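Biologist: Can we walk through this one together? I'd like to start with the ground rules.

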Amino acid sequence: MYTHLALLRGINVSGHNMIKMETLKNVLENKGFQNVRTYIQSGNVFVDSEEAHGASVGFTIKQEIFKQLGLDVPVVVVSKNDLEQCFLNNPYLKEKEVDEKKLYIAFVSKELQVSAINDLKISQFKPDEAAIDKSRIFIKYAIGAGKTRLDQKYIEKKLSVVATIRNWNTVTKLLAMYNE
């Protein structure tokens, strides 16, 4: 049995793609996933499956949400190792007195080359900062996530990926849940 973390993009935001976590849990359990657990209302769901490949699990979850709820919700599946790498490779954690409330991770649907940072044209978002690490983009917002154009839509458009962003507090909690 394999545990997968599915990050659903764009649910329960500004009244769009509304899914109650209990409903999501029931949909996924009825599909055969086991030990389904959710964290907050923004689409973080752990499932246990016989399927080893995260991409297959993500595709099944996306299909089932569309079939049962009529919503087209992008899904990025993140492994425990992916979350652990967030703590090991986040360049902003090494800064003295970093404000963790301004740290975010964009999880993307495919592995990126380090050179993809050039495609993001980060300099136009100064003083916001970003760094790429495989299928993660570490972001440090100067003011906050609500006041920047360096968001999920921009990342998806520039890099031709599916992306979903989580704040550092959520990433920390999700890793703790993986360890439970």
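Modeller: Buried means under 20% relative accessible area, exposed over 50%, and partly exposed in between, using a 1.4 Å probe and protein chains only. This is a predicted model, where local features need pLDDT of at least 70 and side-chain atom pairs count only at pLDDT 80 or more, while totals for chains, interfaces and linings use all residues. Residues are numbered from 1 along each chain as its sequence is written, and side-chain values use heavy atoms, with hydrogens and water left out.

Biologist: Which residues is Thr170 in contact with, leaving aside its neighbours within four places in sequence?

Modeller: Tyr39, Ile40 and Asn44. Contact means heavy atoms within 4.5 Å.

Biologist: Stay with helix 6. How do helix 3 and helix 6 cross?

Modeller: At roughly 135°, and their axes come within 10 Å. Axes are lines fitted to C-alpha atoms, for helices over the stretch in contact, and angles run from 0 to 180 degrees between N-to-C directions. Helix 3 and helix 6 are therefore oblique to each other. On that scale, angles under 35 degrees count as roughly parallel, over 145 as roughly antiparallel, 65 to 115 as roughly perpendicular and the rest as oblique.

Biologist: Left-handed or right-handed crossing for helix 3 and helix 6?

Modeller: Left-handed. That term applies if the near helix is turned anticlockwise from the far one by less than a right angle, and right-handed applies if clockwise.

Biologist: Which residues of helix 3 and helix 6 meet?

Modeller: From helix 3, Lys80, Leu83, Glu84, Cys86 and Phe87. They meet Trp168, Val171, Thr172, Leu174, Leu175 and Tyr178 of helix 6. By class, this contact of helix 3 with helix 6 has eight nonpolar, one polar and two charged residues. Ala, Val, Leu, Ile, Met, Phe, Trp, Tyr, Cys and Pro count as nonpolar, Asp, Glu, Lys and Arg as charged, and the others, Gly among them, as polar.

Biologist: Which residues are buried in helix 3?

Modeller: In helix 3 (residues 80-89), Asp82, Leu83 and Cys86 are buried. They cover an arc of only 100° around the axis, which puts them on the same side of helix 3. The arc is that of the directions from the helix axis to the C-beta atoms. The buried residues of helix 3 pack against strands 1 (2-8), 4 (75-78), 5 (103-108) and 7 (136-140), and against helix 6 (168-178).

Biologist: Switching to helix 1. What is buried there?

Modeller: Met21, Leu24, Val27 and Leu28. The buried residues of helix 1 fall within an arc of 120° seen down its axis, so they line one face of the helix. Glu22 and Asn30, on the other side of helix 1, are exposed.

Biologist: What do the buried residues of helix 1 pack against?

Modeller: Strand 1, strand 2 (34-39), strand 3 (44-49) and helix 2.

Biologist: At what angle do helix 1 and helix 2 pack?

Modeller: About 110°, with the axes of helix 1 (residues 21-30) and helix 2 (residues 54-69) 10 Å apart. That makes helix 1 roughly perpendicular to helix 2. Helix 1 passes helix 2 in a right-handed crossing. Thr23, Leu24, Val27 and Leu28 in helix 1 meet Ile61, Glu64, Ile65, Gln68 and Leu69 in helix 2. The residues of this contact divide into six nonpolar, two polar and one charged.

Biologist: Now the backbone. Where is the cis peptide bond?

Modeller: From Lys126 to Pro127, with omega near 10°. Pro127 sits in the loop between helix 4 (116-120) and strand 6 (129-133).

Biologist: And what is the phi of Lys134?

Modeller: Positive, about 60°, although Lys134 is not a glycine. Lys134 is in the loop between strand 6 and strand 7. Lys134 is partly exposed, at 46% relative accessible area.

Biologist: How about Ser160: what is its phi?

Modeller: About 55°, also positive, and Ser160 is not a glycine. Ser160 is in the loop between helix 5 (152-159) and strand 8 (163-167). Ser160 counts as exposed, at 58% relative accessibility.

Biologist: Last one. Where does Leu112 lie?

Modeller: In the loop between strand 5 and helix 4. Leu112 is buried, with a relative accessible area of 9%. Leaving aside neighbours within four places in sequence, Leu112 is in contact with Ile132, Lys134, Ser135, Ile137, Leu159 and Val161.

Note on methods:
Helices (H or I, at least four residues) and strands (E, at least two) are DSSP runs, numbered from the N terminus.
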